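Work through the exercises below with the sequence and the model open. Each task is followed by a solution in steps.

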Amino acid sequence: MVVGAFSAKTVKAAKDSGNGVKGQRGPQLRRRLRRADLRAVPEVRRALRELLSHWGRPGRSETAELLTSELVTNALVHTDTDAVLTATVGPRGLRVEVRDFLGRKPSLRQTNGQTNADEGTHGRGLVLVESLADEWGVRAHGVGKSVWFELNGGAA
């Protein structure tokens, strides 16, 4: 169930909706994110940290929090729509997906080692996702898209 900007449920053995790592099922966090509500970013990080408290080898949950923050922030800053976050833990890994309802695909900012004042710290989120995730991508929907990443858990 998805209700409110800060409502979420961790669902044990959630029905497989194609959101698990390679079709796996497991604990799931699902959260509706209200348009342009950046207060959701730290709340999502806390909820994900709780979901992943006993998951993966050291450092994996922190990487998951960082990458999730990037996807959530991108969806809230670069679209004028609500978004939906789904994080699913399976035996072999974690899949995080952020769906928005704008059809425009995100693009990686090409870095040439130079930064001008207008760029500041913006535009590097997907570069982080690309470099730290085991897999990532963009999936088109009838309305909008999902940007997702997967991390293998490794030994706990």
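**Exercise 1. Find which residues of α1 and α2 meet, then describe the packing of the two helices.**

Solution. Step 1: on the α1 side the residues are Ala40, Val41, Val44, Arg45, Leu48 and Arg49, and they meet Ala64, Glu65, Leu66, Thr68, Ser69, Val72, Thr73 and Leu76 in α2. Contact here means heavy atoms within 4.5 Å.

Step 1: sorted by class, this contact of α1 with α2 has 8 nonpolar, 3 polar and 3 charged residues. Ala, Val, Leu, Ile, Met, Phe, Trp, Tyr, Cys and Pro count as nonpolar, Asp, Glu, Lys and Arg as charged, and the others, Gly among them, as polar.

Step 2: the axes of α1 and helix α2 (residues 60-78) come within 9 Å and cross at roughly 150°. Axes are lines fitted to C-alpha atoms, for helices over the stretch in contact, with angles from 0 to 180 degrees between N-to-C directions.

Step 3: the crossing of α1 past α2 is right-handed. A crossing is left-handed if the near helix is turned anticlockwise from the far one by less than a right angle, and right-handed if clockwise.

The model is predicted: local features need pLDDT of at least 70, side-chain atom pairs count only at pLDDT 80 or more, and totals for chains, interfaces and linings use all residues. Residues are numbered from 1 along each chain as its sequence is written, and side-chain values use heavy atoms, with hydrogens and water left out.

**Exercise 2. Describe how α2 packs with α3.**

Solution. Step 1: α2 and helix α3 (residues 125-132) pack at about 145°, their axes 9 Å apart. The crossing of α2 past α3 is left-handed.

Step 1: α2 contributes Arg60, Thr63, Leu66, Leu67, Glu70, Leu71 and Asn74, while α3 contributes Gly125, Leu126, Leu128, Val129 and Leu132. By class, the contact of α2 with α3 has 7 nonpolar, 3 polar and 2 charged residues.

**Exercise 3. Is threonine 68 buried or exposed, and which residues is it in contact with?**

Solution. Step 1: threonine 68 lies in helix α2. Threonine 68 counts as buried because its relative accessibility is 1%. Buried means under 20% relative accessible area, exposed over 50%, and partly exposed in between (1.4 Å probe, protein chains only).

Step 1: leaving aside neighbours within four places in sequence, threonine 68 is in contact with Val44, Leu48, Leu85, Val96 and Phe149.

**Exercise 4. Examine alanine 36 and leucine 38 in the loop between β2 and α1.**

Solution. Step 1: alanine 36 lies in this loop and has a positive phi of about 60° although it is not a glycine. Most residues other than glycine have a negative phi.

Step 1: leucine 38 lies in the loop between β2 (28-33) and α1 (40-51). Its relative accessibility is 43%, so leucine 38 counts as partly exposed.

Step 2: not counting residues up to four places away in sequence, leucine 38 touches Leu76 and Val77. Leucine 38 and valine 72 are 34 residues apart in sequence, and their C-alpha atoms are 8.6 Å apart.

**Exercise 5. Which pattern does the chain follow, read along the sequence?**

Solution. Step 1: the chain has 3 helices and 6 strands. Helices (H or I, at least four residues) and strands (E, at least two) are DSSP runs, numbered from the N terminus.

Step 1: read along the sequence, the pattern is β-β-α-α-β-β-α-β-β.

Step 2: of the 156 residues of the chain, 42% count as buried.
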